[in-house]
Amino acid sequence: MFTARDDSHLGRRVFPCPVPAELAALVPRAHHAAWPVWLDPGPRMLRDVLELCRLQTARGLTVLSWLASGHRPEDVAWLWPGRRLTGPRQRLMYAAADAIPGAALGLVVADWTWIMDTRFAGQVMAPYLAGTAYPDDGFAAAQATVTLTRVWDRQAEARAALGAAWAACRTIADWCKAAELHASYGHEVPVFTYPRGPMPRPAGVRPWISRLFRLG
């Protein structure tokens with residue numbers, strides 16, 4: 001649940017209502033992912049990273065749709081497996097992404113366009129995805145940070161996908177933080193977003209990103 005208002009200087013701002021504990025608990029778990037902890041120069045690792053980006057983007061957007069509506073399904077076990085996203089799971093996640101109100105989805109797109117346009121992108125994306133994926137294993141988090149940074153630097157075709165996964169995961173965490181502040185202080189708090197940047201060139205954007213972010 002949320003309200004959205006337009007600001008003459010900051011654009012549309014989203015103010016979430018307090019989030020039920022059982023819904024907020026999904027957010028840190030949604031960040032858990034098996035990001036690689038070493039760099040494999042072969043093509044297989046890149047394919048695995050790209051597929052994991054798609055899963056994490058869809059997973060984050062699914063949780064965002066529940067945050068925006070204020071409720072979640074009774075059974076969410078299908079959200080957690082780390083295997084390739086296909087079949088019924090894909091249909092469920094894509095349907096949830098379709099249900100996200102435009103104002104809420106705009107938060108994700110703003111963060112995504114920003115990270116695609118900043119020279120600090122790898123330094124922002126990698127430690128966030130790695131640290132939240134391995135919150136109880138500092139060694140794995142550090143190794144995954146190095147690996148994701150190198151993938152970003154060396155594989156330009158992976159950047160839009162990595163940025164999408166980061167934006168989806170970051171948005172649900174920021175949503176819950178704003179909701180927590182609202183609950184604590186009794187005043188509406190907007191969801192934080194980075195300044196929106198220009199849309200990346202279509203040639204660098206995979207079809208699933210366009211589909212989930214409704215770019216076409």
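This is a predicted model: local features need pLDDT of at least 70, side-chain atom pairs count only at pLDDT 80 or more; totals for chains, interfaces and linings use all residues.
Residues are numbered from 1 along each chain as its sequence is written. Local features need pLDDT of at least 70, side-chain atom pairs count only at pLDDT 80 or more, totals for chains, interfaces and linings use all residues, and side-chain values use heavy atoms, with hydrogens and water left out.

**Stop 1: the ring pairs.** Rings of Phe, Tyr and Trp (its six-membered ring) pair if their centres lie within 6.5 Å; planes under 30 degrees apart count as stacked, over 60 as edge-to-face and the rest as tilted. The count here is 7 aromatic pairs.

Select Trp114 and Tyr194. Their ring centres are 3.9 Å apart and their planes sit at 15°, so this pair is stacked. Trp114 belongs to helix H5 (residues 102–115), while Tyr194 is in the loop between helix H8 (159–185) and helix H9 (207–213), so the pair ties together parts 80 residues apart in sequence. Helices are DSSP runs (H or I, at least four residues), numbered from the N terminus.

With centres 5.0 Å apart and planes at 75°, Phe192 and Tyr194 form an edge-to-face pair.

**Stop 2: the cluster.** Ring pairs link Trp114, Trp166, Phe192 and Tyr194 into a cluster.

Colour by accessibility: buried means under 20% relative accessible area, exposed over 50%, partly exposed in between (1.4 Å probe, protein chains only). Trp114 is buried at 18%. Tyr194 is buried too, at 19%. Phe192 is partly exposed, at 40%.

**Stop 3: charges over rings.** The test is NZ of Lys or CZ of Arg within 6 Å of the ring centre and within 35 degrees of the ring normal. Select Arg5 and Phe15: Arg5 lies over the ring face, 4.2 Å from its centre. Then select Arg170, which lies over the face of Tyr128 at 5.8 Å from the ring centre.

Key:
Helices (H or I, at least four residues) and strands (E, at least two) are DSSP runs, numbered from the N terminus.
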